[in-house]
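Subject: Handover of a structure, with findings

Dear colleague,

Please find below the structure that I am handing over to you. My notes on what was found in it follow directly after.

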Amino acid sequence: MVDRLKTAKRALDVGSGSGYLTLCMAKLMSDGVAYGVEHIPQLVASSKQYVAKNHADWLRLGKIVLVEGDGRLGLPAYAPYDVIHVGAACEKLPEELLHQLAPKGILIVPIGKPGYQEFTVIEKDETGRARARKELGVTYVPLTSKEKQLGYW
């Protein structure tokens, strides 16, 4: 993912939470925009404050964009993305995100049942054909609706 970010024009962090990984993605990108989508409005507000402490200019200039939304749907308005990272588990490949992945793009997502998932890397070739490989076993919280997440804990 790091090598891909160096040349990426657009990257998406789904479930951006505090904004930390979205900020890291933006720092690795030489000339591009890192988008973070998070469905908890309080987290979006606090992530903007966190990023603004040292990178207010990046927010102002649009090098990093943090928005409230349903990450399961991605951010189609800004697609396609060269890199997509999903920070929560999906039981199956999220087709909406795959459609937003650019040719030659990479999508990193934990896929599986609650309690155990496979960290999966999906890469598209120049024609848009996707190939997936499983990297390692992981355990993530589920990628879910705002209502379910707030009731989850």
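The term pLDDT denotes the predictor's confidence in each residue, on a scale from 0 to 100. This is a predicted model, in which local features need a pLDDT of at least 70 and side-chain atom pairs count only at pLDDT 80 or more, while totals for chains, interfaces and linings use all residues. Residues are numbered from 1 along each chain as its sequence is written, and side-chain values use heavy atoms, with hydrogens and water left out.

Confidence and overall form

The average pLDDT of the protein is 93, and 97% of the residues score at least 70. Helices (H or I, at least four residues) and strands (E, at least two) are DSSP runs, numbered from the N terminus.

The protein contains 5 helices and 7 strands. Their order from the N terminus is α-β-α-β-α-β-β-α-β-β-β-α. The radius of gyration (taken over C-alpha atoms) is 15 Å, close to the 15 Å that the globule rule gives for 153 residues, so the protein is as compact as a globular protein of that length. That rule is 2.2 Å times the number of residues to the power 0.38. The C-alpha trace spans about 40 × 35 × 25 Å along its principal axes.

Of the 153 residues, 45% are buried, meaning under 20% relative accessible area with a 1.4 Å probe, protein chains only; exposed means over 50%, and partly exposed lies in between.

Strand pairing

Two strands are said to pair if DSSP finds at least two bridges between them. Strand β5 (residues 101-111) is mostly covered, with 9 of its 11 residues buried. Strand β4 (residues 81-86) runs parallel to β5 and is joined to it by 4 bridges; here Tyr81 stands opposite Leu101. With strand β6 (residues 117-124), β5 forms an antiparallel pair over 6 bridges, in which Pro110 stands opposite Phe119. The hairpin of β5 and β6 has 5 residues between the strands, and Gly112 takes a positive phi near 155 degrees in it.

β6 also pairs with strand β7 (residues 130-138), in the antiparallel sense and over 8 bridges. Glu123 has Arg131 in β7 as its bridge partner. In the hairpin of β6 and β7, with 5 residues between the strands, Gly128 has a positive phi near 95 degrees.

Nonpolar cores

A nonpolar core is a set of buried Ala, Val, Leu, Ile, Met, Phe, Trp, Tyr and Cys residues joined through side-chain atoms within 4.5 Å. The largest has 21 residues, and those with the most contacts inside it are Leu12, Val14, Ile84 and Val86. At least two residues of this core come from each of β1, β2 (33-38), β3 (64-68), β4, α4 (95-99) and β5. The greatest contribution to this core is that of β5, with 4 residues.

Contact here means heavy atoms within 4.5 Å. Leaving aside residues up to four places away in sequence, Val86 touches Val14, Leu97, Leu107, Ile108, Val109, Pro110 and Leu143. A second, separate core has 18 residues, including Ala8, Leu66, Val83 and Ile108.

A histidine in helix α3

His55 lies in helix α3 (residues 41-61). It counts as buried, because its relative accessibility is 14%. Beyond residues up to four places away in sequence, His55 touches Leu23 and Lys27.

Yours sincerely
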